[in-house]
Amino acid sequence: MAKQMGFYIIAGRCVECHACEVACKELNNVALGIHWRKVQNHWDGEFPNPTNINMSSACMHCRKPACLEVCPTHAITKRAEDGIVVVNQSECIGCRACGSACPYGVPQYGHDSKMQKCNLCLERLENGKEPVCVSTCPGEALGFGPVEEFAKSAAGKLAVRLQGETEPSFFVVGSSIGPKPEVFIDTFFKRL
Amino acid sequence: MKRSSEGSFTRRSFLQTAGLVGIGSAVAAGTTNLLGLPPQLHSSEEKAIPTFCAMCGPSLGCGIYAIVKDGKLIRVEGMKESPLNRGRNCPKAHAAAQWVYSPQRLKYPLRRVGKRGEGKFEKISWEQAIDHIAAKLKEQKEKYGPESLAVLSPARRTYSGYMQRFLQAHGSPNYGHSGICMVEKTFVFGYTIGSATVGGPVPDYAKTNCLFIWGTQPIYSGSSKGQLKRLLDCKARGAKIIAIKPTMEPDVAIADIWVPIRPGTDAALALAMLNVIITEKLYDAAFVEEWTYGFDKLAAHVQKYTPEWAEPITGIPAQQTKDVARIYATTKHAAIDHGNGFEHAPSCNDAIRAVGALMAIAGHLDRPGGNLFPGKPPAATKPVELNEKITQGMIDKLVCPEFPKTLQPFIEGTSSAYNGLIESVLTGKPYPIRGIIAPGTQPTVSTRNPKGMVIEALKKVDFFAVVDVMRTAEMNYADIVLPVTTMYETDHPFEAGGNWVMARNKVIEPLGPYKSDYEFWIELAVKMGYGKDFWNGSLTECMNDQLSPLGITIDELRAKPNGIVYEMKPPVYEKYKQVFNSPSPRLSKAPYLPQGKVALYNTTFEELGMTPMPEWKEPPESSGRTPELLKKYPLTFSDFHTSKVYNAGWLRNVPYLREVMPDPTLQMNPKTAKARGIKDGDWVIVESIRGWLKFKADVNPGIRPDTVMALHGWYQGCGELAKSAFPILDGGANTNIMYSIDHKIAWDPAVTAMSSQTLVQVRKA
């Protein structure tokens with residue numbers, strides 16, 4: 001199986017500070033109203049015992065990307081060397097089929113109507129750097145890397161991989177701070 | 001394979017496991033990346049300039065590399081070499097370019113030509129502005145005495161010392177400090193437990209088994225400066241976390257126990273905890289015997305403050321008060337991270353004294369895992385203030401002493417209550433302030449402003465000057481408006497703190513006819529004839545003077561791109577003899593603690609006519625003090641001072657930040673909302689006896705049903721997101737118009753802390 005890069009998050013270490021989101025926008029010059037990375041917050045329960053958990057996510061760089069399959073112009077491709085899903089904007093016709101197909105609401109459309117999204121900071125990876133969301137996260141909640149090797153690692157053994165038809169490359173790592181990964185995934189992805 | 005303490009991989013070990021060692025080590029080596037460029041750069045057209053983030057104001061910010069392309073700041077990269085943020089940053093840091101290039105930047109020095117408030121100005125030069133201010137200050141000094149000048153202090157900035165120094169050279173004691181920010185805590189802890197540490201004794205996150213987060217927000221205030229990481233690591237290590245705060249912010253969300261206290265009632269809770277610990281004999285008898293004064297009197301005094309007595313005040317069930325008191329006293333290593341929340345109530349000094357007493361009698365002072373008295377930081381430089389210039393005559397002339405005159409000066413020098421000196425313009429008591437300079441502070445949103453009292457004062461005062469980067473809420477009332485550089489447009493001053501000192505580098509050329517805040521004070525001082533006290537106008541001499549204790553010059557410091565990181569000395573514990581005999585900053589240098597012991601019974605306060613032991617004082621409008629108001633205004637209202645993306649009254653004009661928090665919100669419980677037909681996201685009106693505000697409802701279960709809360713500091717618009725500015729008074733979202741300024745009931749008698757509580761009703765807009 002070819003190498004596949006992906007993100008992980010340690011449940012409980014994300015505190016909804018939005019540093020990842022703003023750093024992503026700053027680096028990629030993302031227009032207002034468009035989010036390559038999103039931070040979500042979820043409340044449950046009642047006073048005085050509510051719960052409140054947070055998650056940050058971006059493109060799942062799926063093994064079987066639904067966006068790619070529906071793209072009529074083949075503007076979306078998956079890189080053979082690392083599995084990163086990229087969009088060639090010059091071929092995008094702005095039909096938004098990818099937006100409807102993606103189960104995670106990832107594709108975003110700019111003023112030019114063309115699709116844009118997270119490319120795992122490809123430029124930085126090629127320069128030997130981490131994606132900016134990972135490197136700036138003050139809570140050290142985010143990580144990334146080749147998923148097969150991660151799954152086999154000790155951290156990977158505490159992690160739960162997000163399941164889905166598109167085979168998303170996203171893990172939630174358990175910790176003593178936050179909810180169990182299963183609960184975390186259920187909270188943020190149950191409607192899918 | 002190394003496991004981190006939380007049982008998962010650290011990021012670095014994950015990189016190694018993940019086969020990214022090549023990438024990881026190229027970055028860690030710090031010399032070049034795979035392009036053969038410095039690791040921060042993406043192309044050879046970029047330049048990386050090491051400096052400090054300035055999005056919390058000119059201060060010891062997080063270390064950053066500002067990336068410049070074609071002379072423009074394009075982004076910020078974290079500085080891994082910084083011991084503070086270790087390469088990590090918060091959202092504000094990453095929005096710096098939008099702030100620097102904001103259309104809201106002041107463009108030129110301005111002189112008022114229209115009426116106050118009309119907003120008619122003429123463009124003048126920087127030199128003309130300095131000449132104008134100097135002439136006015138000289139004239140007022142001659143006519144009314146030097147004390148007629150007041151400078152309003154923003155949150156502590158590196159230039160705060162220059163403001164004090166200027167006033168000291170001028171001869172005025174009236175440094176206007178808000179009684180809401182850290183100094184109150186420092187003062188009361190000083191006169192209770194002898195700790196002269198800024199902010200009080202420091203919670204030992206690294207070794208504690210039980211951490212109380214009390215009236216503070218360790219996540220938003222300094223997330224990237226390591227505060228978030230140390231909290232998460234503390235929890236991951238297995239420490240119990242107990243959070244005492246009215247709302248469930250993200251730090252509360254990870255706590256084991258939430259004590260959802262009613263705003264402004266911390267003193268009552270702390271008194272009840274003392275009652276439990278003393279009644280149940282859970283205190284450290286040996287420490288109490290050897291190192292405290294007045295324990296028997298305190299024991300008798302707190303008899304009446306039972307957990308049952310506190311319950312209707314704090315809203316905390318008596319059983320929970322007992323539980324947390326027992327946990328605190330019986331856990332071997334327990335610490336309290338105490339915050340500015342205490343400083344927003346008329347019982348401020350009582351709360352701090354009671355919390356200091358808790359630390360002392362429970363035996364958690366200066367012991368591993370408790371609250372520590374840190375020694376002098378290794379990077380300590382010479383203070384800018386000229387406190388040796390302070391005379392009794394100056395103290396006697398304080399227009400509204402922040403602390404009792406006999407206990408002045410305190411660590412920052414002499415000070416008057418920010419709000420009180422503005423009030424003097426209106427009342428003329430004991431004399432009116434004639435000239436006000438507001439550098440980086442916006443009095444109409446930053447201090448109490450019921451019925452627009454600040455605006456009335458600014459209309460009436462003889463002279464008002466604004467010194468700022470951005471347009472301010474009240475610049476239309478100013479005689480002179482001076483635009484200053486952002487800290488990305490200047491190469492001074494250096495910053496030092498803890499074990500780190502680093503020079504600041506200029507990232508871009510100033511975008512207009514600007515000079516720095518530091519140049520402003522130094523040039524004005526020289527023009528006034530105070531050059532001898534201001535290094536004869538030389539910034540190099542100024543910085544070399546301050547660096548002298550470290551034995552380096554600014555040029556030597558500049559040669560080290562990441563500054564100097566000193567080794568931290570291992571902590572020394574139980575320094576009671578030394579700390580409990582520390583001299584206070586008063587002119588007499590008399591020790592903080594006359595008995596050389598923790599002042600459970602405070603003879604210093606008693607001699608000044610204040611209560612010798614902490615008591616409970618209701619906020620001016622509350623269920624306890626004004627039950628008759630409850631029918632019309634049944635909910636307690638208070639405000640937050642920290643948020644994930646804003647600082648006080650600024651940064652709302654930065655689009656990337658405004659996207660995160662687009663509207664002023666009112667946090668309310670689903671029950672409270674439902675009873676009023678309000679749904680999440682509805683606009684609502686909040687009314688009190690003093691005025692009304694408009695917010696978007698943020699309905700969630702993380703707040704008491706009898707309380708609603710909002711963030712303070714809202715007025716700015718954000719053109720890029722089509723958000724217009726809000727009114728400063730009724731109909732806006734400026735929480736400062738809601739509170740009482742009646743000194744007798746709304747102010748703490750020792751430290752002029754002001755109540756941030758009132759009663760309100762909420763309805764759908």
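In chain B, 70% of the contacts between residues at least 6 apart in sequence join residues at least 24 apart. Two residues are in contact if their C-beta atoms, placed from the backbone, lie within 7 Å. The model is predicted: local features need pLDDT of at least 70, side-chain atom pairs count only at pLDDT 80 or more, and totals for chains, interfaces and linings use all residues. Residues are numbered from 1 along each chain as its sequence is written, while chains are lettered from A and ligands numbered from 1 in the order in which they are written.

## Chain B as a whole

Chain B holds 26 helices and 28 strands. Helices (H or I, at least four residues) and strands (E, at least two) are DSSP runs, numbered from the N terminus. The radius of gyration of chain B is 26 Å, close to the 27 Å given by the globule rule for 765 residues, so chain B is as compact as a globular protein of that length. This radius is taken over C-alpha atoms, and the globule rule is 2.2 Å times the number of residues to the power 0.38. The C-alpha trace of chain B spans about 70 × 65 × 60 Å along its principal axes. Of the 765 residues in chain B, 58% are buried. A residue is buried if 20 or more other C-beta atoms lie within 10 Å of its own, exposed if 12 or fewer, and partly exposed in between.

## Sheets

Strands of a sheet pair through backbone hydrogen bonds, either parallel or antiparallel. Here two strands are said to pair if DSSP finds at least two bridges between them. Eight strands of chain B form an open sheet with mixed pairing, in the order β5-β4-β18-β17-β16-β6-β7-β15. Its edges are β5 (121–123) and β15 (416–417) of chain B; each has a single partner strand, so one side of each is left without a neighbour in the sheet. Strand β4 (residues 110–112) of chain B runs antiparallel to β5(B), and three bridges join them. Across this pair, Arg111(B) stands opposite Glu122(B).

A further open sheet of chain B has three strands in the order β19-β20-β21, with antiparallel pairing.

In chain A, strand β1 (residues 5–10) pairs with β8(A) in the antiparallel sense over five bridges, and Tyr8(A) stands opposite Gly143(A). Four of the five residues of strand β8 (residues 142–146) of chain A are buried, so this strand is largely enclosed by the rest of the structure.

## Helix α4 of chain B

Helix α4 (residues 126–144) of chain B has 19 residues, which should span 27 Å at 1.5 Å a residue; its end C-alpha atoms are 27 Å apart, which agrees. The expected span is 1.5 Å times one less than the number of residues.

In α4(B), Ala129(B), Ile130(B), Ile133(B) and Leu137(B) are buried. They cover an arc of only 95° around the axis, which puts them on the same side of α4(B). The arc is that of the directions from the helix axis to the C-beta atoms. The face turned away from this buried side carries the exposed residues Glu127(B), Ala135(B), Glu142(B) and Lys143(B). Among the elements that cover the buried residues of α4(B) are β6 (149–152), β16 (435–439) and α19 (517–528) of chain B.

Leu137(B) counts as buried with 24 C-beta neighbours inside 10 Å. Apart from neighbours within four places in sequence, Leu137(B) is in contact with Leu149(B), Gly435(B) and Met528(B). Leu137(B) and Met528(B) are 391 residues apart along the chain, yet their C-alpha atoms are separated by 8.3 Å.

## Backbone features

| Cis peptide bond | Omega |
|---|---|
| Gln408(B) to Pro409(B) | near -5° |
| Lys429(B) to Pro430(B) | about -10° |

Pro409(B) is in the loop between α15 (392–396) and β15 of chain B, and Pro430(B) is in the loop between α16 (418–427) and β16 of chain B.

Cys121(A) has a positive phi of about 50° although it is not a glycine. Cys121(A) is buried, with 25 other C-beta atoms within 10 Å. Arg86(B), also not a glycine, has a positive phi of about 50°; Arg86(B) is partly exposed, with 18 other C-beta atoms within 10 Å.

## Where the chains meet

In the interface, 59 residues of chain B are in contact with 47 residues of chain A. On the side of chain B that touches chain A, α7(B) gives the most, with seven residues.
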